[in-house]
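Good morning, everyone. Please take a look at the model on the screen, and keep it open while I talk.

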Amino acid sequence: MTHLPDPGLIVASSVSAGAFGYSGYVRLWDPRSGDMVWETNEPGSGRSSRFGDSFADLDVDVEQKALFKVCSKSGDLAFADLRHLKEDPWVYMIDKNPSLRNVGGSSNTVIHCYKKQVFLGREGGLEVWSRVEEEERGGGEVEMLMQEGSYRRNFVDKEEHAQKGIINRIEGGGDRLFVSREDVEGIEVWESSNLSGSIQVL
């Protein structure tokens, strides 16, 4: 569960995997009234082209008030603006960096939002999606748009790092990113003032 100080809601989610693929739900609760504000289930009706492509993992970006999910079959990354939720709120990212190594759906995917960036562990590879678009409104105020092309994909690690083992957890703290892998002792520590250009320190 994740607490959103503004507007004071709690986000709860669950994902399960079985013989027929992934299924999951997301619910927003108001702890003051005890009422459920919004919920979605996958697989559900949604877009016909996305039916059966349930999320494999999901996280909340508290700063940007957004949900991020990674799809189990396609491997696509999508977000939903928590301020404008509806029956099908998901906007699917477009990868503007096709020169990077290909990725797709995976049974071993972990997502973590930190410092307005989205980190994905796909099998053993660690990638980051960073904001690239801003729009200036009247008075010099900068509006952070949430669109399908608002993020750019890159890799935190090198291809040889992906051979170390499956990533099972990602956490952020300060200017560091902490990564653990299945059946591997110790924790990897990546450090940078801009985590999209990190170097491994441990």
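The protein chain has 18 strands and 0 helices. Both words refer to DSSP runs, numbered from the N terminus: a helix is H or I with at least four residues, a strand is E with at least two. This is a predicted model, in which local features need pLDDT of at least 70 and side-chain atom pairs count only at pLDDT 80 or more, while totals for chains, interfaces and linings use all residues. Residues are numbered from 1 along each chain as its sequence is written, and side-chain values use heavy atoms, with hydrogens and water left out.

Now some totals. The chain has 202 residues, and 43% of them are buried. Buried means under 20% relative accessible area, exposed means over 50%, and partly exposed is in between, with a 1.4 Å probe and protein chains only. The accessible surface of the chain is about 10,700 Å². Carbon and sulfur atoms hold 47% of that surface. Areas like this come from the Shrake-Rupley method with a 1.4 Å probe; for residues, only the protein chains shown count as cover.

Next, contacts, meaning heavy atoms within 4.5 Å. Take those with a separation of 6 or more: 44% of them join residues 24 or more positions apart.

On to the sheets. Strands of a sheet pair through backbone hydrogen bonds, either parallel or antiparallel. Here, two strands pair if DSSP finds at least two bridges between them.

Strands β10 (residues 117-122) and β11 (residues 125-131) are antiparallel and joined by 6 bridges. L120 stands opposite E127 in β11.

Now a hairpin. β15 and β16 form it, with 2 residues between them. G174 sits in the turn and has a positive phi of about 60°. The two strands, residues 167-173 and residues 176-181, run antiparallel and are joined by 6 bridges.

P7 is in the loop between β1 (2-4) and β2 (9-18). The peptide bond from D6 to P7 is cis, with omega near 25°.

K115 is in the loop between β9 and β10. It is not a glycine, yet its phi is positive, about 50°. Is K115 buried or partly exposed? K115 is partly exposed, at a relative accessible area of 40%.

D183 lies in the loop between β16 and β17 (188-191). Its phi is positive too, near 60°, in a residue other than glycine. D183 counts as exposed, at 83% relative accessibility.
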